[in-house]
Amino acid sequence: MEYVLNVLTLAGINLMVVLGLGLLTGYTGLFSFGHAGFMLIGAYTSAYLTYMWGVPFPLALLLAGLAAGIVSLGLGRITLKLRGDYFLIATLGFGESVRLIFDNIDIEPINGARGFSGIDKNSNFVSVWIVCIIGIFVLSRLIRSRFGRNFKAIREEELASSTIGIDVFRTKMLSLFVSAVYAGIGGSLFAHYMTFIKPINFALVKSTELTIMAIIGGLGSISGAVIGALLLTTLPEVLRFISDWRLVIYGATVVILIIARPKGIAGGREFKDFSWVKKLCSYLPFAAAKAVPAGVADEPKTREEGRKDG
């Protein structure tokens, strides 16, 4: 049971980052391979604050997200005028640059490539998923707001968005900032769950893994982020009994899913839009059909009787 909780905890940590990545990629149309860099910034910020200054974990968690967000503002100022593949390459370079910088900070307690040890274990299954639920709620409110409509407008047609008065650059900056905050918080949760981190934990492979989760789950859908994070975090563990063939089958499964479901498993829909969910909810007591008022039901009969009487 403890092993299952460990896997689900890691899935929750990944979900927190994928939620932010989904906002940037699925709702705003900007692909990023640099979110492991934001995770790294959040992880080291939170670990340093709690280890060196004794900052309470909830405050360190928020400051970790804020630190990643502030860095994203500087990155966005430079790169958000780039389009398509150029922005993607810029974020890839950012993620690897951040990793290499921390690889070479050989001072206590960061210790460069040797890693940061002795971090307090403040994350667990319950705390991680509480943060994820809060993150899902905040993101859903943001998407339903005016800002969310602006994100979608830019994703569909950037030029048309600017002609109707949307500040494209500032809207993209907001999307990148929120996305980085989520990644920073995910990094903080990771650091305080593993209690030992090193820069290689946040290499390009991690960014690629997070992007695949967002795409497989379904871009433009919070439910897709949940499905992608849970599926692709648990799948390697389910296949662990296959030993050396585990990653081969994992890769093949990802390819098959992309071919079979090019729009992702959720396909841009939320859980409430799935037919099986609607059918399941119809059996629940609170989802019973509304009763028709007696007067309305009797009205046709009354009219027919009136015609007969006439």
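**Salt bridges and a helix pair in a predicted model**

A search of the whole structure finds six salt bridges, a salt bridge being a side-chain nitrogen of Lys or Arg within 4 Å of a carboxyl oxygen of Asp or Glu. This is a predicted model, in which local features need pLDDT of at least 70 and side-chain atom pairs count only at pLDDT 80 or more, while totals for chains, interfaces and linings use all residues. Residues are numbered from 1 along each chain as its sequence is written, and side-chain values use heavy atoms, with hydrogens and water left out.

Visitor: Is R99 buried or exposed?

Guide: R99 forms a salt bridge with D103, their closest N and O atoms being 3.4 Å apart. Buried means under 20% relative accessible area, exposed over 50%, and partly exposed in between, with a 1.4 Å probe and protein chains only. D103, at 22%, is partly exposed. Because the relative accessible area of R99 is 13%, R99 is buried.

Visitor: About how many helical turns separate R99 and D103?

Guide: Both residues lie in helix 4 (residues 85-103), helices being DSSP runs (H or I, at least four residues) numbered from the N terminus. Because R99 and D103 are four residues apart there, the separation is about one helical turn.

Visitor: Which residue forms a salt bridge with E237?

Guide: E237 is partly exposed, with a relative accessibility of 23%. The side chains meet at 2.9 Å, N to O, and the partner is R240.

Visitor: Is helix 5 roughly parallel or roughly antiparallel to helix 8?

Guide: Helix 5 and helix 8 (residues 168-194) pack at about 175°, with their axes 11 Å apart; axes are lines fitted to C-alpha atoms, for helices over the stretch in contact, and angles run from 0 to 180 degrees between N-to-C directions. Angles under 35 degrees count as roughly parallel, over 145 as roughly antiparallel, 65 to 115 as roughly perpendicular and the rest as oblique. Therefore helix 5 is, relative to helix 8, roughly antiparallel.

Visitor: What is the relative accessible area of V126?

Guide: V126 has its place in helix 5 (residues 125-144). V126 counts as exposed because its relative accessible area is 52%.

Methods
Helices (H or I, at least four residues) and strands (E, at least two) are DSSP runs, numbered from the N terminus.
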